[in-house]
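Dear colleague,

I am passing on the structure that follows, together with a written account of what was found in it. Please read the account with the coordinates open beside you.

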Amino acid sequence: MKTSYGFDKIEQRITHDERMLFTLGSYIVVIIILINLSEFQSPMLGLPASTIYFLINGIFLGHAFFKKEDAFFRLIFGTLLLIMLLGFIGLLAIIIYNLDVTRFTLVLFITATLSSLINRRMKSKNAT
Amino acid sequence: MPHSKQQFTKLLRVGELLYLLLVGLSFSLLFLSRTDEAHTVWEVLNTAFIPTLFAATSLLLAILLASEKVNYKLLFIIVHSILMHSFFSVVFPAGDLSGQQMYLGRIRLVYDSVIFHGWPSNPLETVQSQIYAWFNGINFQAALSVVFARMFSMDFLAVHLFLVPVLWGIFTPIPAYLITYTFTQNEKAAVLASLLLSAFPYATYFGAISVPNSLGYIFFFYSLYFMLKNLDSNDSKTTFLILAFSFFSLLSHYLTGIMSFSLLFLALTFKSYKAEKSSPTTAKISLVTSFILSASLLPLSLIYLRFFRPVTQTVFTLDKFYELPPEEIVGLTLIGELTYAFDLKTILLIIIGPTLALLWMTYQLYRFKRNPTANHQTSLYFLFAAFLIMLIDYRILKLFMEGLPLNEERLWVFRDFIAAPFVALAVYSVVSSLRNFLRAKSPSTITVAGLKKSPKSIVLRGLSLLLALNILIPLLLGGWIIFSLSAAYPQVAPLQTTGYELEAVRYIEENTREKYVVIGDIWTIFAGEVIVGISNPRAYYFDEYNKTGHDLFVNMRQNPSPQWMLLAMNYTDTSVAFFIVTEPRLGAEEFNSVVSRGLQNEQLTVAGVFGAGKLYVFSYRKG
């Protein structure tokens, strides 16, 4: 199928992120979300930016933990793990102080970094 | 590709397109049903909505039974599932009037950075209570709702209301599919299971309200799937995932967490039983022991919950056996809470799925007795044991315990999660039996020319079976799912938070610069917590159980005067007080009397009239 082939290609590119371009992309998306939140507050920008964030980091986590599964399930599982990670780091931020815009941005950065690191670690583990 | 297959694919694509149109129409009709004032969704649903949803569901079932890629089928089920769990969030302006509004009242304070270090805002007395409160589901849900609302830059109320319906819709069909597929390797039965989950009313209800318990159910379902997977594998990742999902299940709600860990304990014993070769007797004894321990974990945990939550005073008791008549005890044992005040249709809709699942499991176990080498025996035994634990625990909680911090019926959702795959298997076996019969009795390819040549009896039999397979079964199952919705979404309820109550609360919030307090009934408080949160020092609404707030409202109702408003301002350290009175809540006569007395009092100002005169806001300023 063309669609699945297309998605497989995207997934492969994201997970073989040797120069960490997609991690960087993820950071840029976080900055866009932050700018949107403080300047425009528009879902028209927030929704697509968040989708890209979920796609990149969901693929990282899905690939790290569910390499043997079908691409569809990898994406679903990866997204769920990402939501769990966001929730947990958000919870820690709430317990430590609160979840205002600054700490929310930090939560997104930390989650993106962790997802990328987990992907890299699992990739090197699988390679050895 | 053979011509007949090409024709079938074309027909399937047309069916899928039609399904998408129907589901789009259903969403539109649901949005058209949105109202400012209603008690139940049934009062206001567009008359075309249920027939359209029924047609869409039946068509989806026909697609599921046809040959199509699993991913597409699951995508359709996800869309359908989101639709079926969004009734409250779409139709009512503030969602269902239940725990979700109370949670929103607290979570809103986190969103607005009114409180620090999570809910509750004040530190608790003991260390263990504080740790329990920090890692309570409310703070976890707050984290999710706040993160999503900020990411999407969307209205916080909308994000909170749709959080669980969307997550439930996307994520619960997947474990239902995977659990069924794990022990059957049958894709069609597995996709059927993921849709039939919506035929279980309690599961549907919890998927429609945004409370931490619902989030916990989602994680529990995934932990169950990975437990099942772990029975046949030694992958360390699977073990990590079981622990991760069980942990998140506990983080969301203690009930789901405890159930995850009790089943984890059971799964580990099943795994060692499977591996045990030398001493089967010892293995069997350890299996029985772990079953008893797993079943006891929930009741015992609820007793010891007081260590973390001093308000919980759960005890074991035999009082119900002394107090209730024997027929009631029998009723409670057999069908639980359904023995009270429900009609036969609701009882049937709630018990039909689990009963069918129990019968099917028993039949499968009987077959295993005759064929001890059959595949996936351990998985089935494990699921059967887990199902029994749910049945036993429900009865223990219902009959032998008192002072529970939750209603025992929440266990039915776990039971339904385990039952759904077996119901799908039972249904699928009927479908495949019919199909085999059709193949045996009909010409291999039915063509018009072939039909003309065949004997009349064979043609009739073939056509009627074809009709049964592709039309009757989807219609029957579709009907079952739609009927289940009538038991999932309440038929009787108090008036939900109205549009004009929200409008009044918003108006006060947007037009008051000083710190203010609002005196109102419990319904006003619900509306207030949706917009500004509960006990917000800047915009104060008394919490639901606050006696002072209640007394102030009663006094204002009897004598609308600034005296009580001043008292409220002094109590909450605010400089403006509002008094809200609503006609449908008080009744026309009392409402008119309170309003006319309020209007006669020159010290009170009418801050606003909403809902075409159904709601009055009076205000009074200090000094």
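The notes below take the chains in turn, then the contact between them.

This is a predicted model, in which local features need pLDDT of at least 70 and side-chain atom pairs count only at pLDDT 80 or more, whereas totals for chains, interfaces and linings use all residues. Residues are numbered from 1 along each chain as its sequence is written, while chains are lettered from A and ligands numbered from 1 in the order in which they are written.

Chain A

Chain A has five helices and zero strands, and its pattern along the sequence reads α-α-α-α-α; helices (H or I, at least four residues) and strands (E, at least two) are DSSP runs, numbered from the N terminus. Its radius of gyration is 15 Å, close to the 14 Å that the globule rule gives for 128 residues, so chain A is as compact as a globular protein of that length; the radius is taken over C-alpha atoms, and the rule is 2.2 Å times the number of residues to the power 0.38. The C-alpha trace of chain A spans about 40 × 30 × 25 Å along its principal axes. Of the 128 residues in chain A, 42% are buried, a residue being buried if 20 or more other C-beta atoms, placed from the backbone, lie within 10 Å of its own.

Chain B

In chain B there are 29 helices and seven strands. The radius of gyration of chain B is 28 Å, close to the 25 Å that the globule rule gives for 623 residues, so this chain too is as compact as a globular protein of its length. Its C-alpha atoms fill a box of roughly 95 × 65 × 50 Å, taken along the principal axes, and 46% of the 623 residues count as buried.

Chain B is divided into domain 1 (3-425) and domain 2 (499-621), with bounds that come from an automatic or database domain assignment. The C-alpha centres of these two domains lie 39 Å apart. Between them, 15 residues of domain 1 are in contact with 12 residues of domain 2, where contact means that the C-beta atoms of two residues, placed from the backbone, lie within 7 Å. Helix 6 (residues 99-111) of chain B provides the largest share of the domain 1 side, seven residues.

Chain B also holds an open sheet of five strands in the order 4-3-5-7-6, with mixed pairing; two strands pair if DSSP finds at least two bridges between them. Strand 4 (539-541) and strand 6 (605-610) of chain B stand at the edges with a single partner strand each, so one side of each is left without a neighbour in the sheet. Strand 6 pairs with strand 7 (residues 615-621) of chain B in the antiparallel sense over five bridges, and Thr605(B) has Ser619(B), in strand 7, as its bridge partner.

The contact between the chains

The contact takes 27 residues from chain A and 24 residues from chain B. On the side of chain A, helix 2 (21-40), helix 3 (43-65), helix 4 (71-96) and helix 5 (101-127) each supply at least two residues, and the largest share, 10 residues, comes from helix 4 of chain A.

With best regards

Notes: Buried ≥ 20, exposed ≤ 12 C-beta atoms within 10 Å, placed from the backbone.
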